[in-house]
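Here is a short briefing on a structure with more than one topic to cover. Look at the sequence and the model, then work through the points below.

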Amino acid sequence: MIHEKGSYYLPSPSYWPIFGSCALFCIMFGAAHWLHGVNWGPPLFFVGLALLFFVMYGWFHHVIQESLAGLYNKQVDHSYRWGMAWFIFSEVMFFGAFFGALFYSRISAVAELAGDSTSLFGASALTHYLIWPGFMPHWPLLHNPDPSLFPAPKQVMEAWGIPALNTLILLSSGGTITWAHWGMIKNKRSHVLIGLLLTVLLGITFLCFQAHEYITAYEDYNLRLTSGIYGTTFFMLTGFHGLHVTIGTIMLIVILFRAYLNHFNSEHHFAFEAVSWYWHFVDVVWLFLFVFVYWL
Amino acid sequence: MNSIEHAVDQHAPYNSQGFFSKVTRWIFTTNHKDIGTLYLWLSLIMFFVGGAMALLIRAELFQPGARIISPEIFNQMTTFHGLIMVFGVIMPAMVGLANWQIPMMIGAPDMALPRLNNWSFWILPFAFALLVSTLFMSGPAPNFGWTFYAPLSTTYGPKSTDFMIFSIHLLGLSSILGAINIIATIFNLRAPGMTFMKMPIFVWSWLITAFLLLAVMPVLAGVVTMMLADRHFGTSFFNAAGGGDPILFQHVFWFFGHPEVYILIMPAFGVMSEVIPTFSRKKIFGYKFMIYAISVIAFLSLLVWAHHMFTSGIPLVSELFFMYATMLIAVPTGVKIFNWVATIYKGSVTFETPMLFAIAFLFLFTLGGFSGLMLSIVPADYQYQDTYFVVAHFHYVLIPGSVYAIMAAIYYWLPKWTGHRYNERLGQWHFWLTVISTNLTFFPMHFLGLAGMPRRIPDYALQFADFNMIATIGAFIFGFSQLLFLINIVRTVRGKGPHVSNQVWEGAHGLEWTLPSPPPYHTFSSPPTIDECK
Ligand SMILES: [Cu+2]
């Protein structure tokens with residue numbers, strides 16, 4: 001294949017994608033069988049997961065080698081930028097679905113179940129009168145319409161304890177990564193490394209606090225996934241956010257290593273920027289979580 | 001293009017000899033033309049799979065009474081027919097067209113992210129393996145319709161539902177990656193001088209479709225994730241006993257579902273806007289308005305989802321809002337129809353197969369649009385909801401809309417891709433059989449629906465017998481006439497037809513027609529300059 005200098009880099013055929021598809025298939029096929037109690041489900045799932053990690057390692061390794069070999073011009077860099085930006089947009093829409101479920105439940109479903117037929121989306125109060133006439137509306141739900149199926153939590157999460165602290169932690173991690181970016185622009189490696197290290201540590205601290213909170217919720221508050229719509233939205237939203245923080249932290253660690261290996265300079269550091277965009281996105285999602293899940 | 005590249009650029013990546021390298025060429029490929037071909041073949045195969053399921057459904061409905069398949073199988077067939085036709089046929093076909101055409105139309109060397117492009121395709125066979133595997137498992141396959149409403153799919157869903165959920169996750173991932181690639185390509189890889197307002201409308205329509213995909217596929221992933229959690233982890237998104245609401249499912253699903261229909265139709269608009277000017281030998285009428293119209297349609301499509309839920313008990317205020325918003329879509333759609341007709345007006349029109357399909361599109365898609373308007377009227381919808389009228393409506397939109405456009409596109413561009421003319425006579429036979437049988441199949445369904453025949457029912461009252469028999473006969477004619485399509489494609493791909501020039505069609509404009517037919521494996525390795533071509 002001919003590459004004129006300055007022309008758009010076209011990669012040669014690659015085996016990573018097909019291995020990635022095999023990995024995804026094993027993960028999904030294994031997970032579904034796991035859910036059905038089939039004994040070879042979990043092993044298949046983990047084999048798939050291991051294969052996926054291997055593919056990600058190999059694929060990114062390949063891309064990094066190409067990047068270091070100087071095959072990527074400005075235009076290629078722009079493609080990656082557009083790609084990452086719109087990938088983050090799709091993630092925003094994914095969270096949007098769950099926030100939508102939260103708002104709908106709070107505004108409409110709970111009110112309707114409590115016999116209020118004036119809400120915007122809900123219409124009928126019949127469920128209330130015919131099935132659960134005793135149900136009272138309140139948020140967070142401390143009594144579910146049918147407590148025998150969905151036992152309610154004893155207590156709800158308090159916003160101004162650990163969650164507020166976590167907000168501070170994530171916000172300052174957004175600051176430290178920006179500070180690292182300044183170092184990148186000024187080509188100061190130690191500055192970058194310190195900034196990234198601080199960000200990673202703040203991310204890990206956040207995750208530890210979050211884990212502590214989950215344990216408290218499960219053991220002390222009896223607040224679980226099965227505690228009705230409050231527990232459902234609480235754990236699904238914060239859980240997916242926590243998953244994204246975990247992924248973001250892993251990506252930050254990779255970037256930290258790459259910065260240590262001198263992969264970046266002030267001109268050429270899109271990988272760093274992509275991860276920092278992702279980190280800011282995770283940050284903003286948390287702000288919404290804090291306001292709508294914990295606080296209001 | 002310089003001479004060195006000519007010597008190197010073959011129609012295949014390298015001399016692929018031996019079975020193994022022939023297979024790996026297709027599995028490892030990062031070439032937009034190869035990947036486009038893969039998408040299109042997958043789509044064609046799934047078209048016959050999904051079509052066979054439809055024929056099974058129609059065979060059961062040939063006469064009243066339980067005849068061929070059990071109600072359980074019938075329900076599985078309606079579910080699979082819908083899922084396969086939407087995700088396995090129309091979407092891959094449109095993405096295949098995008099892969100082949102967008103780089104050639106904007107003067108790009110390839111898609112912006114070629115390896116990701118390969119992955120977008122190669123996720124699909126695995127996703128469908130996951131989905132179709134449920135048909136061979138003990139216990140029923142998914143049997144609640146392609147809309148998989150909760151609680152049918154949660155509390156009462158068969159075990160196999162989980163495989164469908166994971167399959168949809170994979171399909172969503174594939175679409176999202178594909179959409180990202182298309183956006184990056186169009187934003188970043190246009191040849192110098194190819195400004196946005198010079199881009200072919202096909203490229204425009206795909207750009208907007210890609211945004212819609214990014215906006216709604218993650219929401220689909222979200223809703224199936226909620227289903228999974230409700231089914232296995234004790235959450236209560238769709239369970240009123242825990243404070244949730246099954247209606248929430250419908251809101252989230254249709255927030256995806258309605259724009260999804262536009263994802264299926266907007267690339268078809270793009271195809272029409274290429275085919276009609278070519279065979280009318282005129283420029284498209286109202287280029288800018290075509291683009292504004294697609295943008296407005298895409299935007300409105302995000303605000304009309306609850307027109308699928310008029311009978312679910314949503315309040316009057318919402319019903320009114322969604323009714324008027326839905327009706328509003330008729331305005332930009334009308335602009336498009338008007339512009340296509342105005343393009344044909346006073347053109348020197350010839351009627352090759354692509355143009356025939358385009359004209360059938362104009363008439364029959366408009367008909368489907370009108371029945372859509374009827375359905376958008378709330379009090380009328382109370383009558384039509386869940387009847388065969390709805391089936392008639394969306395099949396008129398999807399077959400003469402999306403499927404005819406795909407067929408027109410194949411007949412239109414296949415000579416460019418292969419260097420050979422398809423068999424025109426066979427094409428005309430295919431067209432007339434298809435268009436007559438489409439109407440034979442679906443037109444009577446309007447009457448069935450208005451008379452009250454419910455959809456998704458394996459048996460029906462005696463008074464519906466005649467129209468059902470006609471519909472079944474039409475469906476079988478439709479199904480078997482598609483074999484002509486298959487034969488024509490295979491013949492052309494194998495080089496049976498006469499050679500074509502670079503221009504192929506006398507009235508065609510655009511960069512792809514400046515390339516040789518078939519185009520070399522790599523095109524526009526150095527970008528062309530765009531001057532007054534448009
Ligand atoms: Cu709709």
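A cavity is a set of grid points where a 1.4 Å probe fits but cannot get out, and its lining residues have an atom within 4 Å of a point. With that in hand, start inside the protein. This is a predicted model. By this rule there are two cavities of 30 Å³ or more.

**The second largest cavity**

- The volume of the second largest cavity is about 40 Å³.
- Its lining consists of Met91(B), Met94(B), Val95(B), Trp206(B), Thr209(B), Leu213(B), Ile263(B) and Pro267(B).
- By class, seven of these lining residues are nonpolar, one is polar and none is charged.
- H4, H7 and H8 of chain B each give at least two residues to this lining.

**The largest cavity**

- The largest cavity holds about 120 Å³ of space.
- It is lined by 14 residues, and the closest to its centre are Met91(B), Val95(B), Leu124(B), Ser174(B) and Ser175(B).
- Helix H4 (71-106), H6 and H7 of chain B each supply at least two lining residues.
- Which helix gives the most to this lining? H6(B) does, with six residues.
- The lining has 11 nonpolar and three polar residues, with no charged ones.

**Where the two chains meet**

- On the chain B side, 76 residues are in contact with 72 residues of chain A.
- About 6000 Å² of area is buried between chain B and chain A. Carbon and sulfur atoms give 76% of that area.
- Between the two chains, 16 residue pairs are in polar contact, counting pairs with both residues at pLDDT 80 or more.
- Six helices of chain B each supply at least two residues to the side that touches chain A: H1 (3-8), H2 (19-28), H5 (114-133), H6 (161-188), H7 (201-232) and H8 (246-280).
- That side of chain B has 47 nonpolar, 23 polar and six charged residues.

**Salt bridges**

- Side chains of opposite charge can pair when their charged atoms come close.
- Over all chains, the structure holds seven salt bridges.
- How many salt bridges are there between chain B and chain A? The count is one.
- In that bridge, the side chains of Glu66(A) and Arg115(B) meet at 2.8 Å, N to O.
- Why does this pair join two chains? Arg115(B) lies in helix H5 of chain B, while Glu66(A) lies in helix H2 (residues 41-68) of chain A, so the pair links the two.

**Chain A as a whole**

- Chain A has eight helices and zero strands.
- Along the sequence, its pattern reads α-α-α-α-α-α-α-α.
- The C-alpha trace of chain A spans about 75 × 45 × 35 Å along its principal axes.

**Backbone details in chain B**

- The peptide bond from Ala150(B) to Pro151(B) is cis, with omega near 0°. Pro151(B) sits in the loop between H5 and H6 of chain B.
- Ser517(B) and Pro518(B) are also joined by a cis peptide bond, with omega about -5°. Where is Pro518(B) found? It belongs to the segment after helix H16 (465-493) of chain B.
- Arg456(B) is not a glycine, yet it has a positive phi of about 55°. This residue lies in the loop between helix H15 (424-450) and H16 of chain B.

Conventions: Residues are numbered from 1 along each chain as its sequence is written. Chains are lettered from A and ligands numbered from 1 in the order in which they are written. This is a predicted model: local features need pLDDT of at least 70, side-chain atom pairs count only at pLDDT 80 or more; totals for chains, interfaces and linings use all residues. Side-chain values use heavy atoms; hydrogens and water are left out. Contact means heavy atoms within 4.5 Å. Buried area is the accessible area (1.4 Å probe) that two parts lose on being put together, summed over both. A salt bridge is a side-chain nitrogen of Lys or Arg within 4 Å of a carboxyl oxygen of Asp or Glu. A polar contact is a pair of N or O atoms within 3.5 Å; within protein, one must be able to donate a hydrogen and the other to accept it, and residues adjacent in sequence count only if both atoms are side-chain atoms. Helices (H or I, at least four residues) and strands (E, at least two) are DSSP runs, numbered from the N terminus. Ala, Val, Leu, Ile, Met, Phe, Trp, Tyr, Cys and Pro count as nonpolar, Asp, Glu, Lys and Arg as charged, and the others, Gly among them, as polar. On a 1 Å grid over the protein atoms alone, a cavity is a set of points where a 1.4 Å probe fits but cannot get out, and a pocket is an open set with protein on both sides within 12 Å along at least five of seven lines; lining residues have an atom within 4 Å of a point. Grid points are joined across faces, edges and corners, and a volume is the space filled by probe spheres set on the points.
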